[in-house]
Each structure stands twice: as structure tokens, then as C-alpha cells.
Amino acid sequence: MKNHAPANPLEILAYIISAQIKDNTIVYVGTGLPMVAGILARKTHAPNITMVYESGGQDPIQGGMPWSVGGPFTWRKSPVIMEMAYSFGQCYNGYVDIAFLGFAQVDMYGNVNTHMIGNDFHQPKARLTGSGGNNDLTSLSQNMVLVGLQTPEKFPEKVDFITSVGHLRGGNTRKEAGLPGNGPIAVISQCGVFDFEPKTKRMRVKTLHPGMTLDIAQMCTGFELLKPQGEIPLTPMPSSDIIEILRTEVDPGGVFTSLPQA
Amino acid sequence: MGVFDYSREALDNLKIDDPGILDRLVDFEHARAVHLKKDRSKRDKRISLKEAVAEFVQDGDVVLDTGFGYVRTCIQSHFEIMRQGKKDLQMIGAPNTNQSYMIVTGSVRYSHNSYTGAEMRGTDRNYTRQLKTGKVRILSEWSHGGIAQGLKAAQLGSPGVLSKQMLGSDIVKYNPYLKVIHNPLKKEPDPSLFIPALYPDVTFIHVQAADKFGNAYIYGPTVNDLAGAAASRKVIITAEEIVPEMDIRLNKKGSIIPFFYADAVVELPYGALPGSMPGYYYWPRQWWEKLMRFSAINEENIGTFLDEWVFGTKDQIEFLEKLGGAKWMIEARRQTKAAEGDNEDIDFSYQEYTVNNDPGIFY
């Protein structure tokens with residue numbers, strides 16, 4: 001039976017992430033929505049992408065949705081599984097075009113925090129996971145896309161701990177710190193898609209999702225968002241065909257794209 | 001005074017006034033001396049897990065967490081370390097998810113932290129609490145790739161590597177081992193991060209198959225274990241199955257840890273529980289959800305949980321019985337085979353653990 005319900009916010013997000021992926025590229029993905037987006041891209045506009053994972057799996061033959069980034073679906077029938085050092089080494093050596101990761105906080109220069117909330121390292125309000133591969137991918141990948149919920153707490157002017165350097169203090173400071181790659185090129189949230197103004201490297205509104213206004217986006221942000229010249233375009237929304245593919249072929253169990261039931 | 005010139009800023013930020021505690025992890029001369037003294041003979045090294053932990057884990061050792069968080073990770077060996085009341089260990093790993101519950105009983109006292117958590121199961125509130133009450137001290141912060149490179153440097157036989165990871169981040173300010181230097185071959189300044197070779201004291205590695213001498217075969221992601229085995233002073237191989245040496249020589253091409261690294265071999269079927277084991281069993285996913293969403297939230301819950309699952313079981317066989325016994329084994333094998341091969345007809349859905357839905361059997 002066909003499910004004709006309108007796309008929910010997670011499905012829309014998965015589609016927007018997938019739209020960042022170009023065909024014939026190598027894509028480094030974490031679990032969750034980025035992985036859904038990768039598979040959706042492969043089933044729609046980018047059939048020839050290769051997916052790479054931090055636990056070492058790469059180019060798996062698609063199975064179901066993995067429960068963990070080390071789970072069998074990330075290395076299912078893979079021709080090779082890399083050791084972790086070599087997997088990140090491929091990023092440094094220019095074999096990864098785009099990477100997708102989440103964050104607990106992201107600031108106006110795209111610096112990421114997954115370490116702690118609070119200003120005392122020894123007595124944090126909350127201690128979070130630490131870097132994992134977040135720093136490695138943000139440091140090394142040619143293009144980084146950050147995905148997460150937008151609130152003033154999660155989008156502060158300065159992150160509580162710089163786990164991963166985005167554009168550091170803006171301008172040329174990322175390069176001066178010695179880092180390769182373009183750093184974050186986009187931030188995707190429930191409000192819109194953001195990029196970074198080329199000179200200052202400050203976060204800028206690129207598109208807003210239907211129903212969102214600049215005021216709402218600004219209210220969800222702890223710093224002043226830059227605005228593009230002229231009218232702000234709307235984020236393109238998925239067609240019903242794409243939603244159908246998402247529901248029937250990509251995540252039929254709704255593991256990552258169904259909203260939690262109350 | 002020690003021989004290492006640690007980053008002053010990081011020592012201050014981490015409030016480390018006894019930097020000698022950092023030495024063992026990077027003491028190449030000592031690790032080499034230990035390796036040189038190892039008995040090279042190709043002998044039957046099989047002992048029990050209890051004997052291996054008693055003999056090879058000393059209080060205060062630097063322990064490497066292996067596998068990938070809860071994939072082919074030596075979790076039953078961690079549990080035995082806790083049962084034997086080993087104290088004040090330093091834990092390193094990428095990830096080092098499993099240090100969290102080991103802090104509760106004092107087995108782990110120090111952390112070389114890269115990632116403590118269980119992905120989408122939520123933030124580990126136990127770790128936050130242990131940190132605030134001072135039951136664990138962070139000795140260094142790392143990215144996964146940084147630890148991977150440090151272990152790989154040891155395997156390469158190098159004092160360290162120059163890395164482009166972690167530059168400019170606060171991780172460098174909270175890691176006494178890291179130094180920003182410039183690539184000496186470049187005319188222009190080129191900041192690069194020196195990561196020293198890392199030498200853990202003791203490493204348990206759970207593998208699919210090993211012979212009695214310690215040649216150990218890994219199927220699925222090896223993650224950092226080939227490097228960790230080469231670096232570590234003491235290596236204990238635990239294996240789902242013990243196989244003849246000829247089976248390794250003829251059939252197990254691929255990822256092999258050579259026998260002369262191994263100090264002991266333990267036949268330990270289901271030794272990765274409650275993690276998954278490629279080729280053998282899928283996760284008891286609800287176990288992790290219960291740990292993260294219920295047991296980790298306060299001191300009483302985590303105590304009860306550990307009493308039940310760690311101290312209330314004497315070995316992995318009793319642990320397996322508690323998970324669901326034969327019924328669990330059959331389903332877990334079916335799921336992992338399907339996930340690795342052809343899953344078209346297998347349903348991976350399950351009911352997530354919630355406080356109101358404690359299933360009693362843990363798929």
C-alpha cells in the first residue's frame with residue numbers, strides 16, 4: 001500500500017542532505033540521516049557514488065540500515081576494509097570529496113563541539129562523547145557538511161570547546177592553522193541551508209525551508225546570521241517520487257526517517 | 001625529572017601535577033625492552049581468562065580498548081578485569097566507549113579519551129557523573145584518527161608521525177603528548193602536529209580464530225588492532241574458536257596477528273558479548289539501550305546493572321544465559337549472517353528498550 005502522507009521533517013532533511021552529493025564522488029558518512037541521504041542520492045541523482053566509513057568499511061553492497069557505524073552493513077561484501085588510520089589517510093590524500101557529520105554545537109565560523117557543554121572542563125554541565133572521527137573528517141575532508149538541530153544553544157557565537165576546526169576565527173585562519181581542504185561548506189538544519197561568506201567565513205543564510213522566515217531562523221541562532229544579496233531562495237523540496245523511493249527502498253523500516261511516537 | 005617534555009599548557013589545563021603518570025604510554029625504550037625479553041618459543045599458550053587477567057593485568061596498567069566500541073571488542077575480558085577488582089587502569093582506545101562502566105567500580109581511573117558513547121543511543125550520563133565526582137581523570141584528549149596514527153607509528157617503528165589532524169582545535173590544548181611543529185622541508189611555515197608512537201601496557205584482542213601459539217585471524221574491520229598488537233607490551237588473544245595452525249596458514253589469508261606478539265591465548269566463545277562479533281553474532285541491541293537510557297542515569301541504577309550483568313555472572317556463558325540462551329544465540333547468528341551476506345528475507349526490526357518495555361530477553 002502506498003503511503004501518501006506528506007514528507008515529515010526528517011525525510012525532508014534526508015533529501016536536502018542527499019542534494020549536496022554529486023555523482024561520481026567519494027562520500028564519507030556517519031550513521032543516521034547522512035547514511036540515509038547517501039543511499040537516497042545513489043538511488044536518485046548520484047548512482048555512481050562510493051561510500052566510506054570510519055570503522056574501515058568502504059564501498060559496501062547496500063543492505064539495511066546499520067545500527068552502528070561498525071555494523072555489518074557498512075562493510076557488507078566490501079572489496080576491502082581499511083584500518084582506521086588508513087581510512088582517515090584517504091581523506092588527507094585527497095580521496096574523499098565530501099563528508100557529513102553532526103554536532104552538539106556549531107558556531108558562526110563553523111567550528112564544531114562534541115566534547116562538553118559548559119565552561120569548566122572538569123565540571124561540565126554535560127560531558128559529551130569527545131571527538132571520535134569528527135575532528136579527523138572536519139580537518140581533512142575537501143568539503144564538510146554539518147547536520148543538526150538549530151537552537152540558540154546549539155548555534156552559539158563561540159562553541160564551548162573546539163572539537164573540530166571549521167573556519168576557526170574566520171578569514172584565512174583555517175589555512176594558517178595548517179589545515180587542508182575547504183572546511184565546512186554547508187550547515188543544514190530544520191530552518192534552512194547555510195553557507196559561509198567567502199571573505200569573512202561567517203555563517204550565511206543560503207536557502208530557507210518552506211514556511212521558515214529569516215526572523216525565525218535568526219531566533220534559532222545565538223549570533224547574527226549574514227544574509228545573501230537579494231531575496232532568499234526557498235530550499236527545493238523532494239518530489240513525491242523521491243519520498244516514495246525513500247519510504248520503500250531506502251529506509252522502509254523508518255529507522256532514521258520516522259518521527260518518534262509520543 | 002622525567003625524560004619527556006610534555007605540553008605545559010595541556011598539563012595546566014588538565015591539572016596534572018604528576019606528569020610521570022603519562023610516561024608509560026610513550027616510553028618506547030621500555031616497550032622495546034619488554035618486547036625483547038618475550039619468550040619467542042612457539043609453545044601452547046592457552047590459559048583461562050581468569051588466569052590471563054590475574055597474570056597479565058597489573059593495577060595501574062595502560063589498557064587498550066580494541067575492536068570498534070562494541071564490534072569485536074573484548075568486553076568479556078573487561079568484565080573479568082572488573083570481577084578481579086583490578087584498580088587504577090588507564091584506558092586508551094578509538095573509541096573507548098567501554099571505559100565508562102569500568103570507572104564505576106574503580107577499575108579505570110584515568111582516561112586517554114577519544115570517544116565515549118554508544119552513537120545514537122544517547123549521551124553517556126554515567127561518564128559525565130564520574131568525571132564530575134573525580135572518579136575518572138582525563139589525562140589526554142584525542143581524535144579517533146590521532147590515536148590510530150599514534151598506534152600506527154608504533155607499528156611502523158617510528159618515534160611518531162606528523163599529522164594534519166587536530167590542528168587549531170582545543171583537543172591540542174588538552175593533550176600533553178601533542179606538539180605543533182613545522183614541516184622542516186617546507187620553506188613557508190607549515191604547522192603540523194607531532195603525534196608520538198603509543199605503547200599500551202596490555203591489550204586484549206578478541207578474534208574469530210586463533211591457533212594455540214597465538215596466530216590470530218580477524219574477519220571484518222580490524223580497526224586499530226593490528227597496530228595495537230604490535231605496540232602493546234603484553235598481548236592476550238581471546239578467540240571464538242581455536243583452530244589448527246595449518247588452518248591459519250592455508251585458509252585464513254588476510255588480517256593476521258603473528259604468534260610472537262601473543263603472551264597468552266584464551267579460548268573464549270562469545271567473548272565479545274554484549275557486543276557483536278562478525279561471522280558469529282549480532283548485538284543484543286536492547287542491552288545497550290538499557291545501559292544508556294536507564295542504567296547510566298544515576299549511581300544506583302548503574303550499580304544494580306553492573307551487579308546483575310558483571311558481578312552476577314561468573315563468565316560469558318552465564319552472561320549468554322541471561323541474555324536469552326539458546327534462543328538468543330540462534331537469532332543473533334541468523335541476524336549477523338544475514339547482515340553480512342543476503343538479508344533480503346530477514347527482518348531486523350526489534351522493539352527498542354524503554355523503561356516501560358523491559359523485554360527480559362535482549363535482542
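**Entry 1: what I am looking at.** I note before anything else that this is a predicted model.

**Entry 2: chain B overall.** I started with the secondary structure and found 15 helices and 12 strands in chain B. Then I checked the extent: the C-alpha trace spans about 65 × 50 × 40 Å along its principal axes. How does the radius of gyration of chain B sit against that of a compact globule? It agrees, because a compact globule of 363 residues would have a value near 21 Å and chain B has 21 Å. Of those 363 residues, 56% are buried. I also looked at how far apart in sequence the contacts reach. Taking contacts in chain B between residues at least 6 apart, I get 76% that join residues at least 24 apart.

**Entry 3: the two domains of chain B.** The chain is split into domain 1, covering 25–278, and domain 2, covering 285–340. Their C-alpha centres are 23 Å apart. I looked up how they meet: 22 residues of domain 1 are in contact with 17 residues of domain 2. Which helices of chain B supply at least two residues each to the domain 1 side? I wrote down helix 5 (75–83), helix 6 (99–104) and helix 7 (125–132). Helix 5 of chain B gives the most, with four residues. Sorted by class, the domain 1 side has 11 nonpolar, six polar and five charged residues.

**Entry 4: a three-stranded sheet in chain B.** I found an open sheet here with the order 5-7-6 and antiparallel pairing. Strand 5 (160–163) and strand 6 (179–182) of chain B are its edges, each pairing on one side only. Neighbouring strands of this sheet are turned by 40° against each other on average, direction ignored. I followed one of the pairings in detail: four bridges link strand 5 to strand 7 (residues 191–196) of chain B, in the antiparallel sense. In that pairing, Val161(B) has Ile195(B) as its bridge partner.

**Entry 5: a stop before helix 1 of chain B.** Asp5(B) sits in the segment before helix 1 (8–14) of chain B. Is Asp5(B) buried or exposed? I get exposed, because it has 10 other C-beta atoms within 10 Å and the cut-off for exposed is 12 or fewer. I also checked Asp5(B) against Asp23(B): the two are 18 residues apart in sequence and 10 Å apart in space, C-alpha to C-alpha.

**Entry 6: the seven-stranded sheet of chain A.** This one is an open sheet too, with the order 2-1-3-8-9-10-11 and mixed pairing. I have strand 2 (50–52) and strand 11 (203–208) of chain A down as the edge strands, each pairing on one side only. From one strand to the next, the twist averages 25°.

I then walked along part of the strand order. Strand 3 and strand 8 of chain A run parallel and are joined by three bridges, with Phe100(A) partnered by Val145(A). Strand 8 and strand 9 of chain A are also paired in the parallel sense, over four bridges, and here Leu146(A) stands opposite Val187(A). Strand 9 (residues 184–188) and strand 10 (residues 192–196) of chain A run antiparallel and share two bridges. Ile188(A) faces Val193(A) across that pairing.

Helix 2 (residues 33–43) of chain A lies across strand 1 (26–29), strand 2, strand 3 (98–101) and strand 8 (144–147) of chain A. Helix 2 runs at about 155° to strand 1 of chain A.

Technical notes
Residues are numbered from 1 along each chain as its sequence is written. Chains are lettered from A and ligands numbered from 1 in the order in which they are written. This is a predicted model: local features need pLDDT of at least 70, side-chain atom pairs count only at pLDDT 80 or more; totals for chains, interfaces and linings use all residues. Domain bounds come from an automatic or database domain assignment. Two residues are in contact if their C-beta atoms, placed from the backbone, lie within 7 Å. Ala, Val, Leu, Ile, Met, Phe, Trp, Tyr, Cys and Pro count as nonpolar, Asp, Glu, Lys and Arg as charged, and the others, Gly among them, as polar. The radius of gyration is taken over C-alpha atoms; the globule rule is 2.2 Å times the number of residues to the power 0.38. A residue is buried if 20 or more other C-beta atoms lie within 10 Å of its own, exposed if 12 or fewer, and partly exposed in between; C-beta atoms are placed from the backbone. Two strands pair if DSSP finds at least two bridges between them. Axes are lines fitted to C-alpha atoms, for helices over the stretch in contact, and angles run from 0 to 180 degrees between N-to-C directions.
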